[in-house]
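Keep the viewer open and follow along, one topic at a time.

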Amino acid sequence: MDIRQIKILLDKYNRAETTLGEEQMLREFFAGLSEIPAGLEPYLSAFRYFDSMSQKAVQEPELERKLEALIDYEKNRKPFIMLNRKVIRWISAAALVVLISTTVLVVNKNRKPDMGTFDNPELAYQEAQRALLYISKTLNHGTKELSNISKLNSGVENLKNLEKLNSGMDKLKLISKLDETSTNENNQ
Amino acid sequence: MDAGEFKEKVIPLSGKLFHFALLLLKDHAEAEDSVQEIFLKLWKMRNELAEYNNLEAFAMRVTRNWCLDRLKAKKPRYIESYSLGYELYSEAENPLRMLENTDQMTTIRKHLQTLPEQQQTVIQLRDIDGYEYEEMAAIMGMNVNAIRVTLSRARNSIREHLIKIGNYGHPANQNSAR
Amino acid sequence: MKTINSKMRIFAFNLALLCLCANLNAQTVADKIFDKYSGSDGFTTVYITKYMFDLFRDAGIEGEEDEDMGKVLSNLTGIKILASDDDPATPISVNLYQEVMKQLPVSLYKELMVVKDKDQDVKFLVREEKGKVVELLMLVGGKDESALICIQGIIDMKSIGKLARGMDIEGMENLEKIEE
(Lines give C-alpha, C1' and ligand atoms only; values in the text may rest on other atoms or scores of the structure.)
Protein backbone atom coordinates (compact mmCIF):
# COMPACT_ATOMS: atom_id res chain seq x y z
CA MET A 1 0.00 0.00 0.00
CA ASP A 2 1.36 3.35 -0.88
CA ILE A 3 1.27 6.41 1.23
CA ARG A 4 -1.50 7.97 -0.76
CA GLN A 5 -3.86 5.09 -0.11
CA ILE A 6 -2.86 5.06 3.53
CA LYS A 7 -3.66 8.73 3.84
CA ILE A 8 -7.08 8.16 2.29
CA LEU A 9 -7.73 5.39 4.77
CA LEU A 10 -6.55 7.55 7.62
CA ASP A 11 -9.02 10.24 6.68
CA LYS A 12 -11.75 7.65 6.75
CA TYR A 13 -10.39 6.44 10.06
CA ASN A 14 -10.60 9.90 11.56
CA ARG A 15 -14.21 10.10 10.55
CA ALA A 16 -14.86 6.65 12.06
CA GLU A 17 -15.90 5.32 8.68
CA THR A 18 -13.44 2.48 8.35
CA THR A 19 -14.33 -1.16 8.65
CA LEU A 20 -12.55 -3.47 11.04
CA GLY A 21 -10.73 -4.91 8.05
CA GLU A 22 -9.47 -1.51 6.96
CA GLU A 23 -8.38 -0.72 10.48
CA GLN A 24 -6.52 -3.99 10.55
CA MET A 25 -4.70 -2.97 7.36
CA LEU A 26 -3.69 0.32 8.95
CA ARG A 27 -2.48 -1.48 12.04
CA GLU A 28 -0.41 -3.90 10.02
CA PHE A 29 1.01 -1.09 7.94
CA PHE A 30 2.15 0.82 10.98
CA ALA A 31 3.44 -2.27 12.72
CA GLY A 32 5.66 -3.16 9.83
CA LEU A 33 7.14 0.27 9.27
CA SER A 34 10.86 0.58 9.33
CA GLU A 35 10.76 4.24 8.64
CA ILE A 36 8.26 6.76 9.87
CA PRO A 37 6.81 8.81 7.05
CA ALA A 38 6.58 12.46 7.70
CA GLY A 39 3.46 13.60 9.46
CA LEU A 40 2.28 10.16 10.33
CA GLU A 41 3.98 9.97 13.71
CA PRO A 42 0.86 10.47 15.81
CA TYR A 43 -0.80 7.58 14.05
CA LEU A 44 2.16 5.39 14.66
CA SER A 45 2.07 6.05 18.35
CA ALA A 46 -1.66 5.56 18.54
CA PHE A 47 -1.71 2.31 16.62
CA ARG A 48 1.23 0.97 18.55
CA TYR A 49 -0.57 1.78 21.74
CA PHE A 50 -3.69 0.03 20.61
CA ASP A 51 -1.67 -2.96 19.55
CA SER A 52 0.00 -3.32 22.87
CA MET A 53 -3.27 -2.96 24.72
CA SER A 54 -4.90 -5.66 22.66
CA GLN A 55 -1.97 -7.98 23.12
CA LYS A 56 -2.69 -8.03 26.79
CA ALA A 57 -3.96 -11.34 27.93
CA VAL A 58 -7.67 -11.14 27.99
CA GLN A 59 -8.16 -14.27 29.98
CA GLU A 60 -7.91 -14.07 33.71
CA PRO A 61 -7.66 -17.65 34.90
CA GLU A 62 -7.55 -16.65 38.55
CA LEU A 63 -10.75 -14.74 38.19
CA GLU A 64 -12.39 -17.52 36.27
CA ARG A 65 -11.58 -19.98 39.00
CA LYS A 66 -13.06 -17.69 41.60
CA LEU A 67 -16.20 -17.26 39.55
CA GLU A 68 -16.60 -20.97 39.01
CA ALA A 69 -16.39 -21.50 42.74
CA LEU A 70 -18.97 -18.80 43.21
CA ILE A 71 -21.33 -20.41 40.74
CA ASP A 72 -20.94 -23.79 42.39
CA TYR A 73 -21.82 -22.24 45.70
CA GLU A 74 -24.85 -20.49 44.25
CA LYS A 75 -25.93 -23.59 42.42
CA ASN A 76 -26.12 -25.62 45.58
CA ARG A 77 -27.84 -22.87 47.43
CA LYS A 78 -30.87 -23.04 45.18
CA PRO A 79 -32.08 -26.53 44.38
CA PHE A 80 -35.55 -25.42 43.39
CA ILE A 81 -36.89 -23.92 40.20
CA MET A 82 -35.90 -20.32 40.02
CA LEU A 83 -38.71 -17.88 40.09
CA ASN A 84 -37.68 -16.10 36.98
CA ARG A 85 -40.00 -14.02 34.89
CA LYS A 86 -41.06 -16.86 32.63
CA VAL A 87 -41.98 -19.19 35.47
CA ILE A 88 -43.93 -16.49 37.26
CA ARG A 89 -45.78 -15.68 34.05
CA TRP A 90 -46.86 -19.27 33.56
CA ILE A 91 -47.81 -19.77 37.16
CA SER A 92 -49.98 -16.68 37.24
CA ALA A 93 -51.61 -17.59 33.95
CA ALA A 94 -52.34 -21.08 35.26
CA ALA A 95 -53.68 -19.60 38.49
CA LEU A 96 -55.99 -17.40 36.48
CA VAL A 97 -57.32 -20.39 34.57
CA VAL A 98 -57.84 -22.37 37.77
CA LEU A 99 -59.59 -19.44 39.42
CA ILE A 100 -61.98 -18.90 36.56
CA SER A 101 -62.81 -22.54 36.00
CA THR A 102 -63.34 -23.13 39.70
CA THR A 103 -65.73 -20.21 39.87
CA VAL A 104 -67.69 -21.48 36.92
CA LEU A 105 -67.86 -25.01 38.32
CA VAL A 106 -68.86 -23.92 41.81
CA VAL A 107 -71.52 -21.59 40.53
CA ASN A 108 -72.93 -24.30 38.34
CA LYS A 109 -72.84 -26.92 41.05
CA ASN A 110 -74.63 -24.72 43.53
CA ARG A 111 -77.54 -24.21 41.24
CA LYS A 112 -80.25 -26.39 42.72
CA PRO A 113 -81.73 -28.83 40.28
CA ASP A 114 -84.89 -27.33 38.96
CA MET A 115 -87.71 -29.72 39.71
CA GLY A 116 -90.32 -27.87 37.78
CA THR A 117 -93.90 -27.77 38.93
CA PHE A 118 -93.97 -31.27 40.39
CA ASP A 119 -92.58 -32.71 43.58
CA ASN A 120 -93.56 -36.22 42.83
CA PRO A 121 -91.96 -37.97 39.89
CA GLU A 122 -94.88 -40.35 39.52
CA LEU A 123 -97.32 -37.54 39.08
CA ALA A 124 -94.99 -35.80 36.73
CA TYR A 125 -94.69 -38.92 34.68
CA GLN A 126 -98.40 -39.24 34.36
CA GLU A 127 -98.72 -35.66 33.31
CA ALA A 128 -95.98 -36.07 30.78
CA GLN A 129 -97.81 -39.04 29.36
CA ARG A 130 -101.02 -37.14 29.12
CA ALA A 131 -99.43 -34.25 27.38
CA LEU A 132 -97.77 -36.46 24.83
CA LEU A 133 -100.90 -38.47 24.23
CA TYR A 134 -102.87 -35.31 23.73
CA ILE A 135 -100.39 -34.10 21.19
CA SER A 136 -100.34 -37.44 19.53
CA LYS A 137 -104.07 -37.71 19.30
CA THR A 138 -104.40 -34.26 17.91
CA LEU A 139 -101.76 -34.89 15.34
CA ASN A 140 -103.29 -38.15 14.31
CA HIS A 141 -106.69 -36.68 14.21
CA GLY A 142 -105.52 -33.89 12.04
CA THR A 143 -104.03 -36.28 9.53
CA LYS A 144 -107.00 -38.57 9.69
CA GLU A 145 -109.15 -35.66 8.82
CA LEU A 146 -107.56 -35.52 5.43
CA SER A 147 -108.83 -38.97 4.64
CA ASN A 148 -112.25 -38.23 6.05
CA ILE A 149 -112.66 -35.03 4.20
CA SER A 150 -115.58 -36.40 2.17
CA LYS A 151 -117.61 -36.93 5.33
CA LEU A 152 -118.41 -33.31 6.00
CA ASN A 153 -120.88 -33.98 8.77
CA SER A 154 -118.67 -36.26 10.64
CA GLY A 155 -115.98 -33.69 10.11
CA VAL A 156 -117.87 -31.18 12.15
CA GLU A 157 -118.65 -33.78 14.74
CA ASN A 158 -115.04 -34.69 14.85
CA LEU A 159 -114.15 -31.14 15.67
CA LYS A 160 -116.77 -31.09 18.34
CA ASN A 161 -115.21 -34.13 19.86
CA LEU A 162 -111.86 -32.52 19.60
CA GLU A 163 -113.24 -29.73 21.72
CA LYS A 164 -114.48 -32.27 24.15
CA LEU A 165 -111.06 -33.72 24.11
CA ASN A 166 -109.61 -30.37 24.97
CA SER A 167 -111.92 -29.85 27.88
CA GLY A 168 -111.50 -33.47 28.76
CA MET A 169 -107.89 -32.75 29.43
CA ASP A 170 -109.34 -30.47 32.08
CA LYS A 171 -106.92 -27.67 31.63
CA LEU A 172 -104.34 -29.88 33.21
CA LYS A 173 -105.41 -29.20 36.78
CA LEU A 174 -103.80 -32.39 37.76
CA ILE A 175 -103.96 -32.47 41.51
CA SER A 176 -107.78 -32.31 41.80
CA LYS A 177 -108.14 -34.96 39.14
CA LEU A 178 -105.51 -37.18 40.64
CA ASP A 179 -107.84 -39.94 41.79
CA GLU A 180 -109.78 -40.04 38.56
CA THR A 181 -106.76 -40.25 36.34
CA SER A 182 -105.01 -42.85 38.38
CA THR A 183 -108.19 -44.90 38.29
CA ASN A 184 -108.35 -44.41 34.54
CA GLU A 185 -104.76 -45.41 34.04
CA ASN A 186 -105.26 -48.47 36.16
CA ASN A 187 -108.23 -49.49 34.09
CA GLN A 188 -106.26 -49.48 30.84
CA MET B 1 -29.14 -22.53 30.74
CA ASP B 2 -27.82 -24.92 33.34
CA ALA B 3 -24.69 -24.62 35.42
CA GLY B 4 -22.50 -26.48 32.94
CA GLU B 5 -23.57 -24.33 30.01
CA PHE B 6 -23.12 -21.24 32.09
CA LYS B 7 -19.59 -22.19 32.97
CA GLU B 8 -18.87 -22.93 29.35
CA LYS B 9 -20.37 -19.87 27.77
CA VAL B 10 -20.38 -17.11 30.32
CA ILE B 11 -17.36 -17.57 32.53
CA PRO B 12 -14.88 -17.23 29.65
CA LEU B 13 -16.12 -13.69 29.21
CA SER B 14 -14.90 -12.75 32.63
CA GLY B 15 -11.55 -11.46 31.36
CA LYS B 16 -13.13 -9.05 28.93
CA LEU B 17 -15.66 -7.91 31.45
CA PHE B 18 -12.96 -7.42 34.02
CA HIS B 19 -10.82 -5.25 31.78
CA PHE B 20 -13.80 -3.24 30.77
CA ALA B 21 -14.77 -2.76 34.39
CA LEU B 22 -11.19 -1.80 35.09
CA LEU B 23 -11.29 0.82 32.39
CA LEU B 24 -14.39 2.31 33.87
CA LEU B 25 -13.68 1.98 37.56
CA LYS B 26 -9.92 2.41 37.39
CA ASP B 27 -9.48 0.21 40.43
CA HIS B 28 -8.50 -3.40 40.40
CA ALA B 29 -10.27 -4.43 43.59
CA GLU B 30 -13.46 -2.67 42.66
CA ALA B 31 -13.35 -4.11 39.20
CA GLU B 32 -13.04 -7.59 40.58
CA ASP B 33 -15.89 -7.06 43.03
CA SER B 34 -18.02 -5.70 40.26
CA VAL B 35 -17.33 -8.62 37.99
CA GLN B 36 -18.37 -11.01 40.75
CA GLU B 37 -21.59 -9.11 41.30
CA ILE B 38 -22.22 -8.98 37.57
CA PHE B 39 -21.69 -12.69 37.26
CA LEU B 40 -24.12 -13.36 40.08
CA LYS B 41 -26.62 -11.25 38.24
CA LEU B 42 -26.01 -13.15 35.02
CA TRP B 43 -26.36 -16.41 36.90
CA LYS B 44 -29.72 -15.37 38.28
CA MET B 45 -30.95 -14.62 34.78
CA ARG B 46 -29.35 -17.61 33.20
CA ASN B 47 -32.67 -18.95 31.92
CA GLU B 48 -33.18 -15.86 29.83
CA LEU B 49 -29.65 -15.61 28.51
CA ALA B 50 -30.50 -17.92 25.64
CA GLU B 51 -32.74 -15.21 24.26
CA TYR B 52 -29.81 -12.95 23.52
CA ASN B 53 -28.13 -13.25 20.16
CA ASN B 54 -24.86 -11.75 21.24
CA LEU B 55 -24.16 -12.88 24.76
CA GLU B 56 -20.84 -11.09 24.90
CA ALA B 57 -22.28 -7.74 23.89
CA PHE B 58 -25.04 -8.21 26.42
CA ALA B 59 -22.61 -9.06 29.18
CA MET B 60 -20.50 -6.04 28.28
CA ARG B 61 -23.55 -3.88 28.39
CA VAL B 62 -24.50 -5.17 31.80
CA THR B 63 -20.96 -4.50 32.93
CA ARG B 64 -20.97 -0.97 31.61
CA ASN B 65 -24.31 -0.13 33.17
CA TRP B 66 -23.30 -1.66 36.45
CA CYS B 67 -20.01 0.19 36.59
CA LEU B 68 -21.52 3.51 35.63
CA ASP B 69 -24.15 3.09 38.33
CA ARG B 70 -21.44 2.26 40.77
CA LEU B 71 -19.51 5.35 39.82
CA LYS B 72 -22.56 7.46 40.35
CA ALA B 73 -23.10 5.98 43.76
CA LYS B 74 -19.70 6.68 45.12
CA LYS B 75 -16.86 9.01 44.30
CA PRO B 76 -14.30 7.06 42.40
CA ARG B 77 -10.97 6.70 44.04
CA TYR B 78 -8.53 7.86 41.50
CA ILE B 79 -5.53 5.64 41.48
CA GLU B 80 -2.54 6.71 39.56
CA SER B 81 -1.50 3.40 38.19
CA TYR B 82 -3.20 0.19 37.38
CA SER B 83 -2.27 -2.46 39.89
CA LEU B 84 -2.58 -4.81 37.02
CA GLY B 85 0.07 -3.78 34.63
CA TYR B 86 0.09 -4.35 30.96
CA GLU B 87 2.58 -6.17 28.90
CA LEU B 88 4.13 -3.99 26.38
CA TYR B 89 4.26 -5.04 22.83
CA SER B 90 7.86 -5.90 22.84
CA GLU B 91 10.07 -4.20 20.44
CA ALA B 92 13.16 -5.32 22.10
CA GLU B 93 15.30 -4.75 19.04
CA ASN B 94 15.59 -1.07 19.59
CA PRO B 95 15.88 -0.28 23.28
CA LEU B 96 15.78 3.41 22.65
CA ARG B 97 12.71 3.00 20.59
CA MET B 98 11.20 0.99 23.39
CA LEU B 99 11.84 3.71 25.84
CA GLU B 100 10.34 6.19 23.52
CA ASN B 101 7.37 3.94 23.20
CA THR B 102 6.91 3.71 26.94
CA ASP B 103 6.70 7.43 27.18
CA GLN B 104 4.31 7.51 24.33
CA MET B 105 2.20 4.80 25.93
CA THR B 106 1.99 6.65 29.18
CA THR B 107 1.14 9.86 27.42
CA ILE B 108 -1.62 8.28 25.44
CA ARG B 109 -2.96 6.44 28.43
CA LYS B 110 -2.97 9.56 30.52
CA HIS B 111 -4.70 11.52 27.83
CA LEU B 112 -7.33 8.88 27.37
CA GLN B 113 -8.18 9.08 31.03
CA THR B 114 -9.03 12.72 30.65
CA LEU B 115 -11.55 12.02 27.97
CA PRO B 116 -15.26 11.65 28.72
CA GLU B 117 -16.29 8.10 29.61
CA GLN B 118 -18.07 7.48 26.34
CA GLN B 119 -15.01 8.37 24.30
CA GLN B 120 -12.78 6.19 26.42
CA THR B 121 -15.21 3.34 26.02
CA VAL B 122 -15.49 3.58 22.25
CA ILE B 123 -11.72 3.58 21.87
CA GLN B 124 -11.47 0.53 24.10
CA LEU B 125 -14.25 -1.30 22.34
CA ARG B 126 -13.15 -0.47 18.80
CA ASP B 127 -9.43 0.10 18.63
CA ILE B 128 -8.49 -2.35 21.33
CA ASP B 129 -11.23 -4.96 21.55
CA GLY B 130 -12.26 -4.83 17.90
CA TYR B 131 -16.07 -4.81 18.30
CA GLU B 132 -18.27 -3.97 15.36
CA TYR B 133 -20.22 -0.72 15.37
CA GLU B 134 -23.47 -2.62 15.92
CA GLU B 135 -22.06 -4.46 18.89
CA MET B 136 -20.82 -1.22 20.36
CA ALA B 137 -24.25 0.28 19.86
CA ALA B 138 -25.78 -2.63 21.75
CA ILE B 139 -23.27 -2.41 24.57
CA MET B 140 -23.53 1.30 25.01
CA GLY B 141 -27.19 1.73 24.33
CA MET B 142 -26.57 4.26 21.56
CA ASN B 143 -27.25 4.15 17.86
CA VAL B 144 -24.49 3.48 15.34
CA ASN B 145 -24.24 7.07 14.17
CA ALA B 146 -23.72 8.31 17.68
CA ILE B 147 -21.03 5.66 18.11
CA ARG B 148 -19.19 6.89 15.03
CA VAL B 149 -19.41 10.50 16.07
CA THR B 150 -18.03 9.68 19.49
CA LEU B 151 -15.30 7.50 18.03
CA SER B 152 -14.29 10.17 15.56
CA ARG B 153 -14.07 12.73 18.32
CA ALA B 154 -11.98 10.42 20.47
CA ARG B 155 -9.54 9.57 17.70
CA ASN B 156 -9.13 13.20 16.72
CA SER B 157 -8.58 14.12 20.29
CA ILE B 158 -5.80 11.58 20.67
CA ARG B 159 -4.15 12.65 17.50
CA GLU B 160 -4.30 16.32 18.28
CA HIS B 161 -2.93 15.73 21.72
CA LEU B 162 -0.08 13.70 20.34
CA ILE B 163 0.73 16.36 17.82
CA LYS B 164 0.59 19.05 20.46
CA ILE B 165 2.90 17.40 22.94
CA GLY B 166 4.95 15.32 20.56
CA ASN B 167 8.24 16.71 19.52
CA TYR B 168 8.17 15.42 16.07
CA GLY B 169 10.12 18.28 14.79
CA HIS B 170 8.07 18.75 11.69
CA PRO B 171 6.03 21.81 12.37
CA ALA B 172 5.42 22.28 8.71
CA ASN B 173 3.74 18.90 8.43
CA GLN B 174 1.37 19.30 11.30
CA ASN B 175 -1.51 20.10 9.05
CA SER B 176 -1.01 17.38 6.49
CA ALA B 177 -2.11 14.61 8.82
CA ARG B 178 -5.52 16.13 9.40
CA MET C 1 -45.52 -7.93 24.82
CA LYS C 2 -44.70 -11.58 25.52
CA THR C 3 -46.23 -11.43 28.99
CA ILE C 4 -49.32 -9.65 27.87
CA ASN C 5 -49.89 -11.94 24.94
CA SER C 6 -49.97 -15.27 26.74
CA LYS C 7 -52.06 -14.01 29.65
CA MET C 8 -54.49 -12.31 27.35
CA ARG C 9 -54.87 -15.40 25.26
CA ILE C 10 -55.76 -17.48 28.28
CA PHE C 11 -58.12 -14.86 29.59
CA ALA C 12 -59.84 -14.58 26.23
CA PHE C 13 -60.15 -18.35 26.09
CA ASN C 14 -61.80 -18.44 29.49
CA LEU C 15 -64.08 -15.62 28.56
CA ALA C 16 -65.13 -17.53 25.48
CA LEU C 17 -65.72 -20.58 27.62
CA LEU C 18 -67.93 -18.60 29.96
CA CYS C 19 -69.87 -17.17 27.05
CA LEU C 20 -70.31 -20.67 25.76
CA CYS C 21 -71.74 -21.76 29.09
CA ALA C 22 -74.04 -18.81 29.03
CA ASN C 23 -75.19 -19.66 25.54
CA LEU C 24 -75.90 -23.24 26.44
CA ASN C 25 -78.64 -21.88 28.63
CA ALA C 26 -80.07 -19.73 25.86
CA GLN C 27 -83.79 -19.43 25.78
CA THR C 28 -86.13 -19.93 22.91
CA VAL C 29 -89.18 -17.74 22.31
CA ALA C 30 -91.41 -20.37 23.88
CA ASP C 31 -89.17 -20.41 26.93
CA LYS C 32 -89.37 -16.65 27.22
CA ILE C 33 -93.14 -16.52 27.00
CA PHE C 34 -93.43 -19.42 29.36
CA ASP C 35 -91.27 -17.66 31.89
CA LYS C 36 -93.21 -14.49 31.42
CA TYR C 37 -96.60 -15.92 32.31
CA SER C 38 -95.94 -19.02 34.31
CA GLY C 39 -97.24 -18.73 37.84
CA SER C 40 -99.30 -15.69 36.99
CA ASP C 41 -102.93 -15.34 37.92
CA GLY C 42 -105.23 -16.86 35.43
CA PHE C 43 -102.67 -19.26 34.05
CA THR C 44 -102.03 -22.86 34.77
CA THR C 45 -98.46 -23.96 34.52
CA VAL C 46 -96.88 -27.33 34.12
CA TYR C 47 -93.14 -27.68 33.88
CA ILE C 48 -91.31 -30.96 33.81
CA THR C 49 -87.57 -30.50 33.90
CA LYS C 50 -84.65 -32.55 32.69
CA TYR C 51 -83.94 -33.36 36.28
CA MET C 52 -87.42 -34.81 36.57
CA PHE C 53 -86.96 -36.88 33.44
CA ASP C 54 -83.77 -38.26 34.91
CA LEU C 55 -85.75 -39.19 38.02
CA PHE C 56 -88.14 -41.15 35.84
CA ARG C 57 -85.23 -43.30 34.85
CA ASP C 58 -83.64 -43.52 38.24
CA ALA C 59 -86.85 -44.29 40.14
CA GLY C 60 -87.85 -46.87 37.56
CA ILE C 61 -91.17 -45.23 36.97
CA GLU C 62 -91.36 -45.70 33.26
CA GLY C 63 -94.05 -48.16 32.43
CA GLU C 64 -92.78 -51.41 31.01
CA GLU C 65 -95.84 -51.90 28.89
CA ASP C 66 -95.45 -48.84 26.78
CA GLU C 67 -92.25 -49.05 24.82
CA ASP C 68 -92.95 -46.10 22.61
CA MET C 69 -93.84 -43.84 25.50
CA GLY C 70 -90.65 -44.80 27.24
CA LYS C 71 -88.65 -44.16 24.10
CA VAL C 72 -90.12 -40.73 23.60
CA LEU C 73 -89.76 -39.65 27.22
CA SER C 74 -86.21 -40.85 27.57
CA ASN C 75 -84.92 -38.30 25.11
CA LEU C 76 -86.80 -35.28 26.35
CA THR C 77 -85.28 -32.46 28.30
CA GLY C 78 -88.41 -30.56 29.14
CA ILE C 79 -92.15 -30.30 28.87
CA LYS C 80 -93.71 -26.92 29.42
CA ILE C 81 -97.43 -26.36 29.41
CA LEU C 82 -99.03 -23.00 29.80
CA ALA C 83 -102.78 -22.69 29.66
CA SER C 84 -105.01 -19.76 30.31
CA ASP C 85 -107.95 -20.55 32.57
CA ASP C 86 -111.37 -20.50 31.08
CA ASP C 87 -112.87 -19.01 34.22
CA PRO C 88 -115.12 -16.28 32.84
CA ALA C 89 -114.57 -14.32 36.04
CA THR C 90 -111.00 -13.56 35.09
CA PRO C 91 -110.91 -13.07 31.36
CA ILE C 92 -107.41 -13.10 30.02
CA SER C 93 -106.37 -10.58 27.47
CA VAL C 94 -103.38 -12.57 26.45
CA ASN C 95 -103.70 -14.96 23.61
CA LEU C 96 -100.77 -17.29 23.88
CA TYR C 97 -101.22 -18.50 20.36
CA GLN C 98 -100.85 -15.02 18.96
CA GLU C 99 -98.08 -13.99 21.30
CA VAL C 100 -95.93 -16.87 20.36
CA MET C 101 -96.57 -16.46 16.67
CA LYS C 102 -95.75 -12.78 16.89
CA GLN C 103 -92.32 -13.36 18.37
CA LEU C 104 -91.36 -16.60 16.74
CA PRO C 105 -88.41 -16.48 14.38
CA VAL C 106 -90.11 -17.84 11.30
CA SER C 107 -86.93 -19.13 9.73
CA LEU C 108 -86.19 -21.44 12.64
CA TYR C 109 -89.60 -23.05 13.01
CA LYS C 110 -91.49 -25.19 10.55
CA GLU C 111 -95.22 -25.42 10.61
CA LEU C 112 -96.26 -29.00 10.87
CA MET C 113 -100.03 -28.75 10.95
CA VAL C 114 -102.84 -26.31 11.52
CA VAL C 115 -106.33 -27.34 12.56
CA LYS C 116 -108.92 -24.61 12.61
CA ASP C 117 -112.53 -24.66 13.62
CA LYS C 118 -115.00 -22.01 14.57
CA ASP C 119 -113.95 -21.73 18.20
CA GLN C 120 -110.27 -22.35 18.15
CA ASP C 121 -107.13 -22.89 16.16
CA VAL C 122 -104.47 -25.42 16.81
CA LYS C 123 -101.02 -25.16 15.32
CA PHE C 124 -98.04 -27.48 15.51
CA LEU C 125 -94.54 -26.16 14.94
CA VAL C 126 -91.19 -27.87 15.06
CA ARG C 127 -87.64 -26.60 15.32
CA GLU C 128 -84.89 -28.74 13.91
CA GLU C 129 -81.20 -28.89 14.58
CA LYS C 130 -78.90 -31.06 12.51
CA GLY C 131 -81.84 -32.93 11.07
CA LYS C 132 -83.44 -33.76 14.40
CA VAL C 133 -86.50 -32.17 15.95
CA VAL C 134 -85.39 -30.43 19.13
CA GLU C 135 -88.52 -28.47 19.94
CA LEU C 136 -92.18 -29.18 19.30
CA LEU C 137 -94.70 -26.46 19.92
CA MET C 138 -98.42 -26.91 20.11
CA LEU C 139 -100.33 -23.68 20.16
CA VAL C 140 -104.00 -23.60 20.95
CA GLY C 141 -105.82 -20.37 20.49
CA GLY C 142 -109.45 -19.91 21.23
CA LYS C 143 -111.83 -17.07 21.88
CA ASP C 144 -111.59 -17.19 25.64
CA GLU C 145 -108.69 -19.44 26.14
CA SER C 146 -105.28 -20.30 24.77
CA ALA C 147 -102.56 -22.76 25.52
CA LEU C 148 -98.95 -23.42 24.74
CA ILE C 149 -97.36 -26.82 24.99
CA CYS C 150 -93.64 -26.95 24.46
CA ILE C 151 -91.74 -30.22 24.21
CA GLN C 152 -87.95 -29.97 24.24
CA GLY C 153 -85.27 -32.55 23.69
CA ILE C 154 -84.55 -34.98 20.92
CA ILE C 155 -88.04 -35.62 19.70
CA ASP C 156 -89.06 -38.67 17.77
CA MET C 157 -92.09 -37.55 15.85
CA LYS C 158 -92.90 -40.97 14.54
CA SER C 159 -93.07 -42.45 18.00
CA ILE C 160 -95.24 -39.61 19.22
CA GLY C 161 -97.66 -40.32 16.43
CA LYS C 162 -97.76 -43.98 17.42
CA LEU C 163 -98.61 -43.18 21.03
CA ALA C 164 -102.23 -42.32 20.50
CA ARG C 165 -103.08 -45.27 18.39
CA GLY C 166 -102.75 -47.77 21.16
CA MET C 167 -104.11 -45.79 24.06
CA ASP C 168 -107.53 -45.15 25.50
CA ILE C 169 -108.11 -41.93 27.30
CA GLU C 170 -111.24 -40.33 28.53
CA GLY C 171 -112.79 -38.62 25.60
CA MET C 172 -110.86 -40.61 23.07
CA GLU C 173 -113.63 -43.18 22.80
CA ASN C 174 -115.73 -40.70 20.93
CA LEU C 175 -113.14 -40.35 18.28
CA GLU C 176 -112.76 -44.04 17.88
CA LYS C 177 -116.45 -44.47 17.44
CA ILE C 178 -116.50 -41.98 14.65
CA GLU C 179 -113.66 -43.56 12.82
CA GLU C 180 -115.47 -46.87 12.62
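## Strand pairing in chain C

Two strands count as paired if DSSP finds at least two bridges between them. Helices (H or I, at least four residues) and strands (E, at least two) are DSSP runs, numbered from the N terminus. With that in hand, look at β4(C) and strand β5 (residues 132-142) of chain C: they run antiparallel and are joined by 10 bridges. Within this pair, G142(C) of β5(C) sits opposite Q120(C). The hairpin formed by β4(C) and β5(C) has 2 residues between the strands, and K130(C) in the turn has a positive phi of about 50 degrees.

A hairpin through 3 residues joins β3(C) to β4(C).

## About the model

This is a predicted model, in which local features need pLDDT of at least 70 and side-chain atom pairs count only at pLDDT 80 or more, while totals for chains, interfaces and linings use all residues. Residues are numbered from 1 along each chain as its sequence is written, and chains are lettered from A and ligands numbered from 1 in the order in which they are written.

## Where chains A and B meet

Residues are in contact if their C-beta atoms, placed from the backbone, lie within 7 Å. By that rule, chain A gives 35 residues to the contact and chain B gives 45 residues. On the chain A side, α1 (3-14), α3 (41-55) and α4 (61-77) each supply at least two residues. The largest share, 12 residues, comes from α3(A).

## Nonpolar cores

A nonpolar core is a set of buried Ala, Val, Leu, Ile, Met, Phe, Trp, Tyr and Cys residues joined through C-beta atoms within 7 Å. Buried means that 20 or more other C-beta atoms lie within 10 Å of a residue's own, with C-beta atoms placed from the backbone. The largest core has 50 residues, and L132(A), I48(C), V100(C), M138(C), L148(C) and I149(C) touch the most other members. Helix α6 (residues 121-147) of chain A brings the largest share of this core, 9 residues. A second, separate core of 48 residues includes A31(B), M60(B), C67(B) and I147(B).

## Chain B

Chain B has 8 helices and 0 strands. Of its 178 residues, 30% count as buried.

Methods. Two residues are in contact if their C-beta atoms, placed from the backbone, lie within 7 Å. A residue is buried if 20 or more other C-beta atoms lie within 10 Å of its own, exposed if 12 or fewer, and partly exposed in between; C-beta atoms are placed from the backbone.
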